[in-house]
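Student: I'd like to learn how to read this model feature by feature. Could you walk me through it?

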Amino acid sequence: MKAQAELDQFLAQVEQRAWRQAWIALRDRDAALDVVQDAMLKLSMHYVDHDSSEWPLLFQRILQNTIRDALRRQKVRRFWVSLFSSRGDEAEDDPLEYIADDSDFGADAVTLLIRQQSVERIEIALSQLPARQREAFLLRYWEEMDVAQTAQIMGCSEGSVKTHCSRACHALAKYLQGAGDEK
């Protein structure tokens, strides 16, 4: 019973960050929610008896694998939809999603707009990275995992993690520099 309470607390702590990782990769709110829910369910079903110190790495591994599966399904779905449909309309994000939360209540409108635009540019840039670069970047810099942990989650060597992170940083810098030049 204690393990379940600890797991519930752990999942509550990682939920928002996990959703953001999934949303950046998938660019679909519902799919991201499904991915996070599936990852949490898998951790709960298969790893509740493991030591709680193992949960962060296990959860990230499960989450990244679930995101990859969802990306594969999206790719197949897009192929069939484009094959049998003359329309490729996709629903846009809900504009209400970007309304400031209570923590931004004291900020002025210009500051909020600049912050929102910066976040959107970064999310767009992240979504345009190749999947492995995005995964390495988010694990290293978003989740603040070390190279060894990231390599373990990604199932690759530490050198590969460093290469993916370096390429991601260069691509992001180039994109963001170009986004700033357009204005």
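Student: Let's start with glutamine 60: which residues is it in contact with, leaving aside its neighbours within four places in sequence?

Tutor: Contact means heavy atoms within 4.5 Å. By that test, and skipping neighbours within four places in sequence, glutamine 60 is in contact with Gln21, Leu139, Glu143, Met145 and Ile153. Before we go on, some ground rules: this is a predicted model, where local features need pLDDT of at least 70 and side-chain atom pairs count only at pLDDT 80 or more, while totals for chains, interfaces and linings use all residues. Residues are numbered from 1 along each chain as its sequence is written, and side-chain values use heavy atoms, with hydrogens and water left out.

Student: Where is glutamine 60 found, and is it buried or exposed?

Tutor: Helices here are DSSP runs (H or I, at least four residues), numbered from the N terminus. Glutamine 60 is found in helix 3. Buried means under 20% relative accessible area, exposed over 50%, and partly exposed in between, with a 1.4 Å probe and protein chains only. Glutamine 60 has a relative accessible area of 4%, so it is buried.

Student: What about the largest nonpolar core: how many residues does it have?

Tutor: A nonpolar core is a set of buried Ala, Val, Leu, Ile, Met, Phe, Trp, Tyr and Cys residues joined through side-chain atoms within 4.5 Å. The largest one has 32 residues, and those with the most contacts inside it are Phe10, Leu11, Leu43, Phe59 and Leu63. At least two residues each come from helix 1 (2-26), helix 2 (29-47), helix 3 (55-84), helix 4 (109-128), helix 5 (131-142) and helix 7 (158-181). Helix 1 gives the largest share, 11 residues. There's also a second, separate core of 9 residues, including Leu139 and Cys165.

Student: How do helix 1 and helix 2 cross?

Tutor: Axes are lines fitted to C-alpha atoms, for helices over the stretch in contact, and angles run from 0 to 180 degrees between N-to-C directions. The axes of helix 1 and helix 2 come within 8 Å and cross at roughly 145 degrees. Among the residues making the contact are Phe10, Leu11 and Trp19 of helix 1, and Val35, Val36 and Leu43 of helix 2.

Student: Cys165 came up in the second core. How many disulfides does the structure hold?

Tutor: A disulfide is a pair of cysteine sulfur atoms within 2.5 Å. The structure holds 0 of them. For cysteine 165, the closest cysteine sulfur is in cysteine 169, 6.4 Å away, so that pair is too far for a bond. Cysteine 156 has its closest cysteine sulfur in cysteine 165, at 9.2 Å, again too far for a bond.

Student: Last one: which phi value does arginine 27 take?

Tutor: The general idea is that most residues other than glycine have a negative phi. Phi of arginine 27 is near 55 degrees, a positive value in a residue other than glycine. Arginine 27 lies in the loop between helix 1 and helix 2 and, at 32% relative accessibility, counts as partly exposed. Glutamate 144 also isn't a glycine, and has a positive phi of about 55 degrees. Glutamate 144 sits in the loop between helix 5 and helix 6 (147-154), and it counts as exposed at 66% relative accessibility.
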